[in-house]
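Here's a quick briefing for anyone meeting this structure for the first time. Have a look at it, then read on.

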Protein chains: 2
Amino acid sequence: MYSFVVLLKNERKTMSKKNKATDEIQIRKMIDDWADALRNKNAEGVLSHYAARLVHFSLAPPLISAESDAKGLNAWFATWQGTIGYEIRDLSVTVGDDVAFSHSLNRIHGTTNGEKSDLWFRHTLCFRKIGDEWKIAHEHESVPFYMDGGFKAAVDLKP
Amino acid sequence: MYSFVVLLKNERKTMSKKNKATDEIQIRKMIDDWADALRNKNAEGVLSHYAARLVHFSLAPPLISAESDAKGLNAWFATWQGTIGYEIRDLSVTVGDDVAFSHSLNRIHGTTNGEKSDLWFRHTLCFRKIGDEWKIAHEHESVPFYMDGGFKAAVDLKP
């Protein structure tokens with residue numbers, strides 16, 4: 001019985017390390033695909049990476065965004081001229097067996113509603129492994145705000 | 001060999017369910033303790049729940065906050081008159097073997113710098129299990145901002 005328990009523990013540790021490396025590669029590729037879909041205004045591509053129930057804390061009000069759908073995304077894409085500039089910096093991914101999270105500093109830039117826009121913001125993604133696929137279950141995007149009494153969003157920060 | 005693999009898989013599933021329930025209880029208790037320490041301006045209590053390397057996206061600039069220490073926290077606590085009002089609503093906790101995340105809508109209220117303050121914001125915590133203890137490895141707090149060209153932080157939203 002003792003050797004079985006040891007075997008079990010060792011097997012678990014080896015599997016766990018291997019799985020974590022593979023899972024991190026999968027998640028990083030998924031984030032790449034998701035960002036590419038966003039750049040190219042491919043709403044179905046973006047949405048394919050979300051879990052059925054996504055809790056989204058977006059840059060824009062309200063506190064919790066309504067669930068994303070292709071119609072809403074396409075309407076937002078239409079406000080951008082051409083492709084959307086989207087950069088991901090300092091991406092850190094932490095992986096468990098079926099739960100993971102990432103954080104990064106992201107930049108979105110281009111011409112939207114006829115005006116040049118260039119914004120760095122904080123980005124957190126929380127993932128669940130559903131079947132064999134990692135899906136985004138929670139997304140949190142934000143900029144901080146200035147604490148000088150003016151309550152201005154800090155849209156001019158750079159990493 | 002086949003029966004060993006089945007045994008292994010079943011053992012894993014049973015352990016996994018049991019562990020997840022226990023881990024969720026541990027994490028919810030930890031969040032309670034953390035919030036209580038914050039309400040009571042107990043800097044050491046707050047900091048005891050953070051991993052050695054915390055990446056903190058705070059309400060205030062910069063994009064990534066400097067690592068918290070007792071001195072910084074105590075200086076911030078001193079700006080509040082009496083205890084700090086801190087409420088956590090709609091807390092959702094998702095637990096894996098050694099990685100977990102939570103999100104909620106939090107309210108901080110009281111008198112700070114001589115002025116009444118009452119703010120609802122979005123709160124994401126990402127956890128790692130280190131030894132037998134869950135620690136906060138990443139924290140993201142924010143309000144959205146109004147997309148009407150004025151770039152005002154949305155500090156007047158309520159859930």
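Is D98(B) buried, partly exposed or exposed? With a relative accessible area of 23%, D98(B) is partly exposed (buried means under 20% relative accessible area, exposed over 50%, partly exposed in between, using a 1.4 Å probe and protein chains only).

Before going further: this is a predicted model, where local features need pLDDT of at least 70 and side-chain atom pairs count only at pLDDT 80 or more, while totals for chains, interfaces and linings use all residues. Residues are numbered from 1 along each chain as its sequence is written, chains are lettered from A and ligands numbered from 1 in the order in which they are written, and side-chain values use heavy atoms, leaving out hydrogens and water.

**Salt bridges**

- Searching the whole structure turns up 18 salt bridges over all chains (a side-chain nitrogen of Lys or Arg within 4 Å of a carboxyl oxygen of Asp or Glu).
- D98(B) has a partner in one of them: its side chain meets that of K20(A), at 2.7 Å from N to O. This pair crosses between chains, going from the loop between β2 (80-95) and β3 (99-112) of chain B to helix α1 (residues 2-39) of chain A (helices are DSSP runs of H or I with at least four residues, strands are runs of E with at least two, and both are numbered from the N terminus).
- K20(A) is partly exposed too, at 23% relative accessible area.
- In chain B, K129(B) and D23(B) form a salt bridge whose closest N and O atoms are 2.9 Å apart. K129(B) sits in strand β4 (residues 115-130) and D23(B) in helix α1 (residues 2-39), so the pair ties together parts that are 106 residues apart in sequence.
- D23(B) is buried at 5%, whereas K129(B) is partly exposed at 24%.
- A network of salt bridges links E87(A), R89(A), R107(A) and D118(A).

**Aromatic pairs**

- There are 10 aromatic pairs over all chains (rings of Phe, Tyr and Trp, the last by its six-membered ring, with centres within 6.5 Å; planes under 30 degrees apart are stacked, over 60 edge-to-face, and the rest tilted).
- W76(A) and F77(A) make a tilted pair, 5.7 Å centre to centre with 45 degrees between the planes.
- W76(A) is partly exposed at 36% relative accessibility, but F77(A) is buried at 2%.
- Ring pairs also join W34(A), Y86(A) and F121(A) into a cluster.

**Helix α3 of chain B**

- Buried residues in α3(B) (residues 70-78) are A70(B), L73(B) and F77(B). They fall within an arc of 65 degrees seen down the axis, so they line one face of the helix (the arc is taken from the directions from the helix axis to the C-beta atoms).
- Turned away from that buried side, the face of α3(B) carries the exposed residues K71(B) and A78(B).
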